[in-house]
Amino acid sequence: MGPDEQSYIYRSIADGCAEMVFHYQSTFNEIVTSGQAHNWQSGIHFQSDHYRRFETKQSFGIFGAYIYPFAVPYFFKVPSEETSNEMLGLDTFLGKLEGKELEEKIMLAYDNQKRTEILTAFFEAKLNNRLLLHDNIIASIKHVIHSKQPGPVKQLADKFNLSLRQFDRKFKEYAGFSPKTYLRLVRLHNATQQYGTNKPLTQIALECGYYDQSHFIHDVKTFTGYHPSFYFSGNAEGTEYRYT
């Protein structure tokens, strides 16, 4: 974006994973109707069940890492359910010393390859003496994220050898949301991957596991702020597609 261009608006849709973000040029101001807007140079946008809008009027550069929700308790020793829908600056989440040190290294790096090396080293340093607990819950979250048809909650609990109550409690602790809500987020994720395919909306809804068109419309509007017909039209403002 050039310095003489008008403002750029970016819309972050609901997402089952978290992202560590660094704005190494200008910052984005959150567009809100009330309350305190977020405006930080670097931070973590945790898993969320709603969309947000941001604006910048300057040239910008963004670097970040997209991480599983269970990486939050693993690397940072905080249950994911305590971070859902939060956006925190690195100095707030990591502490002033560690947060500012990492931010400064990323900002002063001469290209994204070097930024990748710095952030990789940061996470590798946190691997020391860490045990990945509750392997079955971790496996279940990865299964839900990567499977096109993960199945109903009861079936998932049985598959990973947990009672329904245990599964619901531990899943929320490591994924940030209940299994039922997380399955909705994953269905949205699968739907957004159909962006640009020119498939009829009815076909997208069926392929992504929606029971009917009304459920599809409701979830897309809830999680993106748009009716599906507009969201998939190619005219939606600055929406980010980061799923792979």
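Biologist: What makes α8 and α10 count as meeting?

Modeller: In this predicted model, contact requires heavy atoms within 4.5 Å, and by that criterion Arg184, Leu185, Arg187, Leu188 and Ala191 in α8 meet a set of residues in α10 that includes Phe216, Asp219, Val220 and Phe223. The residues of this contact divide into six nonpolar, three polar and three charged.

Biologist: Why is α8 called roughly perpendicular to α10?

Modeller: The axes of α8 (residues 179-192) and α10 (residues 213-224) come within 10 Å and cross at roughly 90°. Angles of 65 to 115 degrees count as roughly perpendicular, and therefore α8 is described as roughly perpendicular to α10.

Biologist: How do you know that β1 and β5 pair?

Modeller: Pairing needs at least two bridges between two strands, and β1 and β5 (residues 52-56) are joined in the antiparallel sense over five bridges. Within this part of the model, arginine 11 stands opposite arginine 53 in β5.

Biologist: Why are β1 and β3 said to stand at the edges?

Modeller: The three strands form an open sheet in the order β1-β5-β3, with antiparallel pairing. β1 (8-12) and β3 (29-30) each have a single partner strand, so one side of each is left without a neighbour in the sheet.

Biologist: Why is serine 147 called buried?

Modeller: Serine 147, in the loop between α5 (135-146) and α6 (153-159), has a relative accessible area of 15%, and because buried means under 20%, serine 147 qualifies as buried. A polar atom of the serine 147 side chain lies 3.3 Å from the backbone nitrogen of glutamine 149.

Key: Residues numbered from 1 in each chain as written. Predicted model: local features only at pLDDT ≥ 70, side-chain atom pairs only at ≥ 80, totals over all residues. Heavy atoms only, no water. Axes fitted to C-alpha atoms, helices over the stretch in contact; angles between N-to-C directions. Helix = DSSP H or I, 4+ residues; strand = E, 2+ residues; numbered from the N terminus. Parallel < 35°, antiparallel > 145°, perpendicular 65-115°, else oblique. Nonpolar A, V, L, I, M, F, W, Y, C, P; charged D, E, K, R; others polar. Buried < 20%, exposed > 50% of the residue type's maximum accessible area, 1.4 Å probe, protein only. Polar contact = N/O pair within 3.5 Å; in protein donor to acceptor, adjacent residues only side chain to side chain.
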